[in-house]
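Happy to go through this one with you, term by term. Have a look at the model first, then let's ask what stands behind each label.

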Amino acid sequence: MIKHLKHIVLGGGCLLMAAACSLIDEDMRDCEADTRIDYELRLVTNMTTELQTQLSQEADAEVVAALEACWKEIFSSRAHDVDLSFYDVAEPMERLHHERHVMDASQTSYTLYIPVRRYMHLAVANLEGSGNVRLEDDGQSTTASLRQQLADTLDSQTKGIFTARLPMDIREGVDQEFDVRLYMANSSAAIVLDTLGSHVKDVRVYGVGFATEFDLADSVYHFPYTPVIRSRKVEVGSVPGEPLCYTTVTFPSRVSRESKADASGALWQLRVYSTMPDGKTAESVVHVTSPLEAGMVKIIKGKIYGNGALVPEEGDPSVSVSVVLDWSPGMEHEIEL
């Protein structure tokens with residue numbers, strides 16, 4: 001599933017100025033050139049395939065509709081805002097030009113005048129209102145990164161964040177076009193729970209094992225600490241017995257078992273806390289050994305039984321569950337991922 005945001009045009013002509021400048025000074029960095037930059041948001045995702053594969057039964061129609069509505073703002077090629085930075089390619093690679101724009105459209109145009117020289121261009125879309133993610137240390141291209149707030153527990157991200165990087169050589173007296181493709185930097189996991197007959201009073205879901213930082217210049221994710229991500233409940237319907245559904249929107253997980261994993265070999269987890277009528281709570285930790293990559297979604301299905309334990313649906317060898325009945329907060333332990 002690929003959608004496009006076409007031709008955000010940044011152009012500007014100052015050819016007479018550039019010509020005059022070339023007669024005066026051999027250093028073209030003080031002259032401006034006529035440059036066109038086309039931006040395209042490329043949404044590459046398995047969302048439709050995962051919905052059709054994991055929720056293919058007629059009884060799943062309400063859940064599919066609810067998830068599609070929830071993910072509409074996440075997996076979308078429409079950009080609300082865009083942050084554009086142009087950096088020197090020589091050390092210390094400082095930012096030379098910076099612009100922010102509110103787009104709210106699939107097409108828009110700007111006029112940009114920047115000096116003739118070589119640049120590293122970094123772009124970020126949809127940062128505003130994305131939740132706990134900030135663009136930090138962006139004064140230099142080598143340190144510019146997207147970072148989650150530092151906290152033990154965080155809410156899920158609320159928008160699909162797109163980024164791009166492109167070396168650019170702006171030349172004097174030459175009509176140039178640059179194509180900048182922005183790709184999604186975050187991802188989402190969903191869990192669908194059959195609670196029929198369990199009499200469960202409350203369910204809470206958290207995600208663990210995801211990146212907290214993303215370097216823009218080299219597209220590398222980092223895991224300096226392991227926060228717990230609070231999942232969002234998806235309203236499926238008001239009919240008693242309908243499944244419960246929760247989504248977690250985060251940066252991706254690690255992609256290989258050769259990197260850190262928990263004792264089960266899992267790369268990430270969903271922790272499900274089921275509170276029963278007698279007040280007891282069961283902790284079911286869903287261990288997932290397949291990576292959750294940028295732009296991708298993962299749907300897990302399971303059933304909660306009368307003791308609060310979660311049993312995953314058969315057929316997915318990448319998913320296993322460990323359960324602690326009569327769990328209490330004092331028993332909680334952080335599993336390093």
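Q: What percentage of the residues in the protein chain is buried?
A: This is a predicted model, and in it buried residues make up 50% of the 337 residues in the chain.

Q: What helices and strands does the protein chain have?
A: The chain has three helices and 24 strands. Among its contacts between residues at least 6 apart in sequence, 71% join residues at least 24 apart.

Q: Why is Q54 called partly exposed?
A: Its relative accessible area is 24%. Buried would need a value under 20% and exposed one over 50%, so Q54 at 24% counts as partly exposed. Q54 belongs to helix α2, residues 47–54.

Q: What does Q54 touch, leaving out residues up to four places away in sequence?
A: Its partners are D60, I299 and K301. A contact here takes heavy atoms within 4.5 Å.

Q: What makes G237 partly exposed?
A: G237 has 45% relative accessibility. Since exposed means over 50% and buried means under 20%, the value falls in between. You will find G237 in the loop between β18 and β19. Its C-alpha atom is 8.5 Å from that of V63, although 174 residues separate the two along the chain.

Q: What makes a group of residues the largest nonpolar core here?
A: Its members must be buried residues of nonpolar kinds, joined through side-chain atoms within 4.5 Å. The largest such set has 41 residues, and L67, W71, F86 and L182 have the most contacts inside it. Helix α3, residues 61–71, gives the largest share, six residues. In soluble globular proteins, nonpolar side chains tend to be buried together.

Q: Which residues does L67 touch, not counting those up to four places away in sequence?
A: L67 touches L51, L55, A190, V234, C245, T247 and I299. There is also a second, separate core of 24 residues, with V200, L244, L270 and V288 among them.

Q: How do you know that β8 and β9 are paired?
A: Pairing asks for at least two bridges between two strands. Four bridges join β8 to β9, so these antiparallel strands qualify. Within this pair, L135 stands opposite L146 in β9.

Q: What joins β9 to β15?
A: Three bridges do, between residues 145–148 of β9 and residues 213–215 of β15, and the two strands run antiparallel. S145 stands opposite D215 in β15.

Q: Why do β8 and β16 stand at the edges of their sheet?
A: The open sheet has four strands in the order β8-β9-β15-β16, with antiparallel pairing. β8 (133–136) and β16 (220–222) each have a single partner strand, so one side of each lacks a neighbour in the sheet. From one strand to the next, the twist averages 20 degrees.

Q: What lines the largest pocket?
A: The lining has 16 residues, of which T195, K233, E242, P243 and L244 lie nearest the centre of the pocket. The elements that give two or more residues to this lining are β14 (202–208), β18 (232–234) and β19 (244–250). The pocket's volume is about 240 Å³.

Conventions. Residues are numbered from 1 along each chain as its sequence is written. This is a predicted model: local features need pLDDT of at least 70, side-chain atom pairs count only at pLDDT 80 or more; totals for chains, interfaces and linings use all residues. Side-chain values use heavy atoms; hydrogens and water are left out. Buried means under 20% relative accessible area, exposed over 50%, partly exposed in between (1.4 Å probe, protein chains only). Axes are lines fitted to C-alpha atoms, for helices over the stretch in contact, and angles run from 0 to 180 degrees between N-to-C directions. On a 1 Å grid over the protein atoms alone, a cavity is a set of points where a 1.4 Å probe fits but cannot get out, and a pocket is an open set with protein on both sides within 12 Å along at least five of seven lines; lining residues have an atom within 4 Å of a point. Grid points are joined across faces, edges and corners, and a volume is the space filled by probe spheres set on the points.
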